[in-house]
Amino acid sequence: MITYIIQRLFIFFPMLLVISFLVYLGLELAPGDAVSHMISPELASTITAEQLNAMREAYGLNQSFLKRYWLWLISMIQGDMGYSMAGGVAISEIMAKTIPATLELSIVALIFSTIIGCSLGVISALKRGSGTDNSLTVAGMAGVSIPEFFFGLVAILLFAIELRWLPVGGRLLPHYETVWDRIPNIVLPSMVLALMMTAGAMRYARSSMLDVLAREFITTARSKGMPEWRINILHGFRVALTPVVVLIGFRLPLLIGGSTIIEQVYQWPGIGSMFIRSVRASDYPLVMTISLMYVFVVLTASLIIDVLTALIDPRVRLGKE
Amino acid sequence: MAKSSLDKKFDKIREREESKSFSTKKRSRIVSKFVNNRLAVFGLIIFSIILLATIFAPLLSPYDPMRVDLRSMRQSPSLDHWFGTDNTGRDVFTRVLFGGRVSIFIGLGSAILSALVGIAIGCYAGYKGGWIDLIALRVSEIFMSFPQIILVLLLVSITGQSLFNLMAIFILTGWGGMYRLARARMLSLREEEYVQALRSFGLSTFTICYKHMLPNALSPIMVNITLSTAMFILTEAGLSFLGLGVPLNIPTWGNILNVAQDILVLQNYWWMWGPVGIVISVFVLCVNFIGDGLRDSTDPSQQG
């Protein structure tokens, strides 16, 4: 087992290194360097070449590409993420502010989508082939077909503008004191996000439940004369939903990427809307750090999944890929 | 002497065999299964209607999608302007038709091209194995280490915005999935007897993997192309909505929706963003229906 984990780590770190190099290289090739973005258009006509050069010197941009990458890598490992070009705020500070907001949104959405998705999936499996099952399947497909931001906009129009039940967007307002004040703000974005993800959870739950219902212990339970509802609850749900919940739990990193556009629609101050803002402003240090953070999260999650699957199923670690 | 009933039966079978009614059976089974799937047929019909409407857009609408007409700004839907007009007096219905051209082209084009790239690499690497396979696998893993939307945004920030760049980015982010699919099929087909027979005949690797093995891997690939078309159309819409996709001067479904970022438009002028949002949703839903129907009719193990 330990050799397997070490093997995986031998893939994990080089992968991270290669990706960080590629991202650094990509942004290096992008038009304009840091200095050209710092100068406002009004100043651009008056600034001289020497002044530009002096600025480049001051920021260390005249050094060779590899040297700069090396320096950046070292400081990154030491925990210094550098500074955003817009306003010169420390990137670590931005991350510390935005990541909790995204996690809050994602976890709430994940919990709701799991509960709704699993229950609908189980219902649809129990009534397999019926009208309910078919319409749930179609509804699930509609869920993955409607653009999330369009759904979000309709929800804003309906619940925030017309009915005025909920705020249009944002997360914290100055006069908020307790956790309860914040709940209205999270309802719309998390619900929209959750409904978008329900389809996937429903599909998993349905096929897993169908799988379990065909097993022999269900037949045994039935032959003992156990009432149908007891069979479903005691034997069906428990066995069918455990793998589903585990699987969905691991989709959290994907979800963190998936919330990007919804965060923007609802002005949710999370890492996703920060990423979009940095892409728009060509704030390269921030773009790079945030995308590498995403990569880190995805790779870590897949490492954990791999190790857990290997723990459960010895064939994985003994066999080839 | 009268023929026995058994003879008659045999004659009938021979007759049917000779008229070749058996030979097309496999294809017709797939078609009939697809036709029996009501959702898939419904999807195909609506898909075709929308596709044809965008192709023949100039015949269906007397307006120019780009022409600004400040005298008829922000008009609500009427007989002259079915979906009303936008902030600069352009006819929204016309823009939805012309926008559909670009959006569908991006979605379908990226899906097909990324499939071609993925299949070309996946077939060869999957069949040959060795270092080519290892490199391709690692490269595809690099692309898969990003959440999809993040990778697309990152590449947009590197390359800048244009129609061509966007398609290139979609292909770059989309080939990995197709590569893995083709590779997995190849790995399982590689040990089949007919492949070993071909190899013993001394056929070249290219002939074996592209001409003889690829057709047997085609049906999951077709399904995947449909589903990734849907995904690319949604991604384009999302990016253009954010103002980071196709440049705003080209009408696409996402770019038309872009105005809805303004809360005043959202609140007061529903026709500028509502109908186009519905058109996107319906179109993508139809593509998904078609994909699902294809999967059911070509792959019996996926049913249920």
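Of the contacts in chain A between residues at least 6 apart in sequence, 74% join residues at least 24 apart; two residues are in contact if their C-beta atoms, placed from the backbone, lie within 7 Å. This is a predicted model, in which local features need pLDDT of at least 70 and side-chain atom pairs count only at pLDDT 80 or more, while totals for chains, interfaces and linings use all residues. Residues are numbered from 1 along each chain as its sequence is written, and chains are lettered from A and ligands numbered from 1 in the order in which they are written.

Chain A contains 16 helices and zero strands (DSSP runs, numbered from the N terminus: H or I of at least four residues for helices, E of at least two for strands). Buried residues make up 31% of its 321 residues; a residue is buried if 20 or more other C-beta atoms lie within 10 Å of its own, the C-beta atoms being placed from the backbone. In α7(A), the buried residues are A:Leu136, A:Gly140, A:Met141, A:Val144 and A:Ser145.

The largest nonpolar core has 138 residues (buried Ala, Val, Leu, Ile, Met, Phe, Trp, Tyr and Cys residues joined through C-beta atoms within 7 Å). Helix α9 (residues 179–213) of chain A gives the most to this core, 15 residues. Among the residues with the most contacts inside the core is A:Ala205. Leaving aside residues up to four places away in sequence, A:Ala205 touches A:Gly117, A:Cys118, A:Gly121, A:Val122, A:Leu241 and A:Val244.

Between the chains, 36 residues of chain B are in contact with 42 residues of chain A. On the side of chain B that touches chain A, α7(B) supplies the largest share, eight residues.

Notes: A residue is buried if 20 or more other C-beta atoms lie within 10 Å of its own, exposed if 12 or fewer, and partly exposed in between; C-beta atoms are placed from the backbone.
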